[in-house]
Amino acid sequence: MKKSLLILFLLSLVFSSSAQNNESLWDEGNKAYAEGRYAEATAAYDSILRSGKQSAMLYYNLGNSYFKQGKIGLALVNLYRAERLAPDNEDIKYNIKIVSTYAQDKIEQVPEFFRNLYPKALWRMNPDEKAVYLTFDDGPIPVITPWVVELLERNNIKATFFMVGDNVHKFPQEYMQVVEGGHRLGNHTFNPLKGFLTSTKKYIENVDQADAFIHSNLFRPPHGVLRRQQYNELSERYQFVMWDLVTRDYSYRMKGEDVLANVKRYTRNGSIITFHDSLRAEKNLKYALPRAIEWLLEQGYSFKTFE
């Protein structure tokens with residue numbers, strides 16, 4: 001009897017240690033993902049799987065981390081495993097659609113089915129009017145945002161800046177340059193947050209925190225994705241503005257010439273065009289934006305902002 005009790009006690013210690021280790025790995029994986037260390041996140045999630053632990057959320061996060069590394073096949077495999085364990089989960093179904101779309105290399109101009117996921121959002125304006133809507137995400141940032149404002153002023157162009165609340169708080173002078181330049185403002189959350197990694201309550205609080213500094217009825221979610229409930233609640237109070245063309249100026253895989261080529265290839269009547277006044281995009285932005293404006297003017301496009 002004593003021997004049996006000892007064995008049970010030892011087994012309980014093993015399982016308790018394993019559970020604690022998995023919890024630690026889960027936290028490490030989520031932290032790595034949030035900080036953009038996707039390979040480390042993948043390793044943490046894989047370690048949990050090797051311990052015998054399985055769950056829809058584990059496969060979901062693993063699929064997302066593979067996707068962020070450009071490993072589309074592995075991303076889809078794990079997202080489908082997540083779907084088998086949670087067939088009614090809308091977030092999983094939604095991400096499967098996203099990854100499938102990216103697999104077709106259509107990131108620059110979003111396909112119709114993706115646009116239909118956010119039916120109240122603006123993706124493209126009047127297709128019968130030869131006008132475009134320049135937008136800038138992630139600012140304001142010293143040096144970069146003022147450079148954009150000055151370039152727009154020289155060309156008598158108004159644009160819309162989707163600002164990060166924390167940046168507005170830290171850089172009020174750059175914020176005021178945009179305001180005094182007569183440009184439209186939009187909310188891009190406070191930090192910004194990734195919708196799928198954030199609870200709806202925390203996400204909405206973050207948007208409202210940004211609104212205390214930005215004061216705009218326009219909203220664009222970071223990365224263009226968020227949970228269904230987040231979208232449903234926020235769309236009651238904000239006009240969502242997405243994009244018809246994302247230039248990918250932020251991508252380290254792109255050169256300025258590639259960004260400019262995207263503008264020339266995908267711009268059409270009513271296009272909402274997205275650039276980024278961020279440190280990550282600075283080099284490509286400074287090459288592509290002046291040349292893109294010159295080309296758009298040559299093509300006869302006018303520039304508008306949202307009412």
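Which helix gives the largest share of the lining of the second largest pocket? I looked it up: helix 1 does, with three residues.

**Ground rules.** I am working from a predicted model, where local features need pLDDT of at least 70, side-chain atom pairs count only at pLDDT 80 or more, and totals for chains, interfaces and linings use all residues. Residues are numbered from 1 along each chain as its sequence is written, and side-chain values use heavy atoms, with hydrogens and water left out. Helices (H or I, at least four residues) and strands (E, at least two) are DSSP runs, numbered from the N terminus.

**Second largest pocket.** I noted a volume of about 210 Å³. A pocket here is an open set of points on a 1 Å grid over the protein atoms alone, where a 1.4 Å probe fits, with protein on both sides within 12 Å along at least five of seven lines; lining residues have an atom within 4 Å of a point. The volume is the space filled by probe spheres set on the points. Helix 1 and helix 3 each supply at least two lining residues. Among the lining residues I found W26, A34, M57, P192, L197 and K202. By class I have six nonpolar, four polar and two charged. Nonpolar covers Ala, Val, Leu, Ile, Met, Phe, Trp, Tyr, Cys and Pro; charged covers Asp, Glu, Lys and Arg; the others, Gly among them, are polar.

**L197.** I followed this lining residue next. L197 sits in the loop between strand 3 (184-187) and helix 10 (200-214). Leaving out residues up to four places away in sequence, L197 touches Y33, A34 and R227 (contact: heavy atoms within 4.5 Å). L197 and R227 are 30 residues apart in sequence, with 9.1 Å from C-alpha to C-alpha.

**Largest pocket.** I read a volume of about 1,700 Å³. It has 47 lining residues, and Y38, K68, H223, Y250 and R280 are the closest to its centre. Helix 1 (2-34), helix 3 (56-68), helix 5 (90-103) and strand 7 (272-276) each give two or more residues to this lining. Helix 5 has the largest share, four residues. The classes are 23 nonpolar, 15 polar and nine charged.

**Rings.** I counted 13 aromatic pairs. Rings of Phe, Tyr and Trp (its six-membered ring) pair if their centres lie within 6.5 Å; planes under 30 degrees apart are stacked, over 60 edge-to-face, the rest tilted. Y203 and F219 are edge-to-face, at 6.5 Å centre to centre and 85° between the planes. Y203 is in helix 10 and F219 in strand 4 (residues 218-219), so this pair ties together parts 16 residues apart in sequence. F219 and Y238 have centres 6.0 Å apart and planes at 50°, so that pair is tilted. F219 is buried at 0% relative accessibility, and Y238 is buried at 7%. I also noted a cluster of Y94, Y118, Y203, F219, Y231, Y238 and F240, linked by ring pairs.

**Charges over rings.** R280 lies over the face of Y252, 4.2 Å from the ring centre. R291 has its charged end over the ring of Y287, 3.9 Å from the centre. The cut-off is NZ of Lys or CZ of Arg within 6 Å of the ring centre and within 35 degrees of the ring normal.

Terms used
Buried means under 20% relative accessible area, exposed over 50%, partly exposed in between (1.4 Å probe, protein chains only).
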